[in-house]
Amino acid sequence: MDTVVVAGGGKLRGFVTGDGLAEFRGVPFARAPRFAPPEPAEPWTGVRDATRHGPVSPQPPVRPDGVLGVPADLPEQDEECLNLTVVTPAADDRKRPVMVWLHGGAYVTGANSFGFYGGHRLAAEGDVVFVAPNYRLGALGYLHLPGVSPGNLGLLDQLAALRWVRDNAAAFGGDPDDVTVFGQSAGAHSIACLMALPQARGLFRRAILQSAPLGLRLAGARTAARTARLFTAALGTDPRTAPTAEILRAQVATVVRAAGPGGLYSVPPFCPVADAPPLPSVSQWLSQRARFAPEVDVLIGTTAAEMNSFLTGKPGIAQLDRFPLTARATAAVKAGVTRWMFAGPSRAFADQLAARGGRVYSYVFDWAAPESAFGAGHCIELPFLLGDEAAWRDAPMLAGAEWSTVTRTGRTLRAAWLSFARTGTPEPGWPRHAPKRAPHRLP
């Protein structure tokens, strides 16, 4: 059954899902030529079809050997990708909390239309409006090359999406003054960037940062310049006019060249850049992330073994993991990098927010599927919050797990996230973050 609302630039025709939710897909929230900041989307006449997902940012192919598995439906890619999905219990006059999801993917992959990221369970169980925007990725979103691209365009896209939510949430039964932005990995890192920006003030009331790689910080001038040199050398032509496929080819070559041992890097080649609008310098970012702490409730945490998802099974590591003595050594390395990249910086950020008067809650998610080599690795909490059984059926990180277990534990986890979005408190008895207090353990 179809359903129509007036939002953004005109009328939108969505559809009612099997569980009674109203869903609107491919809704334009902004437009932007290549390497230009986003501008408001053009209005339209008539009724715009919002029953199909819009294009997503151009990106390399999804790796088939990842911890998540491969999305069942690979979306269309196009540089005109600034669209979002809305899932709501009803487009009426109610004022429901709004939850805006920023996907992860190391700033080079990801899409709001991946089945992994469906927000239907949150919308149905919590009576909230779920919004998931696409934003520009890789070189198209984060190349900083003077005279060509200013950098941070993906971050500006996220700001544009949040402004659209402020202006249009009410049309979908949402409260524009009760917005929670939540994200995982690069999406959580993005939130830490947004929290430092005066332009984001008032656009969200609460924030949930899942597995934010805050040890990466921002790209400084030297890193951004090196990335630009590697990229332009690999491209060999003008980035402003090169075909999209050539942009992606050069982007992949740049990522490979920029990586260190094991394919890792201290700062991703394509990521938010310091001293490029709207971001301040690295040092100012570190201090300003908490400038509006009293105005934004924060829930922040990591999984217990983040780096398992990046290192387990990799060449060299896999051979070492076969023998007890060397396996203990690799386990120590994984744990150490988890503390350096994720757990330590996230805890320090929570301390910083709390010291500035913020209401902060912290957690560690520690669950592992019985037959998975990844344990409680990066992304393991996602099936408990988003998507459905069909989306996660082939996820290697869930090997041997019964979906009934995921459903049961997920209901508890979603209840905590929904409680936080509604009240600023995850659940009764969950203590507020304190510098010397261990994070709340989940599930």
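## Rings, charges and a helix pair

The charged end of arginine 48 sits over the ring of tryptophan 44, 5.1 Å from its centre. This is a predicted model: local features need pLDDT of at least 70, side-chain atom pairs count only at pLDDT 80 or more, and totals for chains, interfaces and linings use all residues. Residues are numbered from 1 along each chain as its sequence is written, and side-chain values use heavy atoms, leaving out hydrogens and water.

A charge sits over a ring if NZ of Lys or CZ of Arg is within 6 Å of the ring centre and within 35 degrees of the ring normal. Here are two cases.

| Charged residue | Ring | Distance to ring centre |
|---|---|---|
| Arginine 48 | Tryptophan 44 | 5.1 Å |
| Arginine 289 | Phenylalanine 349 | 4.4 Å |

Rings also meet rings. The structure holds 15 aromatic pairs (rings of Phe, Tyr and Trp, the last by its six-membered ring, with centres within 6.5 Å; planes under 30 degrees apart are stacked, over 60 edge-to-face, the rest tilted). Tyrosine 107 and tyrosine 142 have ring centres 4.9 Å apart and planes at 65°, so this pair is edge-to-face. Both tyrosine 107 and tyrosine 142 are buried (under 20% relative accessible area, 1.4 Å probe, protein chains only). Elsewhere, ring pairs link Trp101, Phe114, Phe116, Tyr117, Phe130, Phe182 and Trp392 into a cluster.

Now the helices (DSSP runs of H or I, at least four residues, numbered from the N terminus). Helix H5 (residues 221–235) packs with helix H6 (residues 244–258) at an angle of about 130°, their axes 8 Å apart. Axes are lines fitted to C-alpha atoms over the stretch in contact, and angles run from 0 to 180 degrees between N-to-C directions.

How values were computed
Buried means under 20% relative accessible area, exposed over 50%, partly exposed in between (1.4 Å probe, protein chains only). Helices (H or I, at least four residues) and strands (E, at least two) are DSSP runs, numbered from the N terminus.
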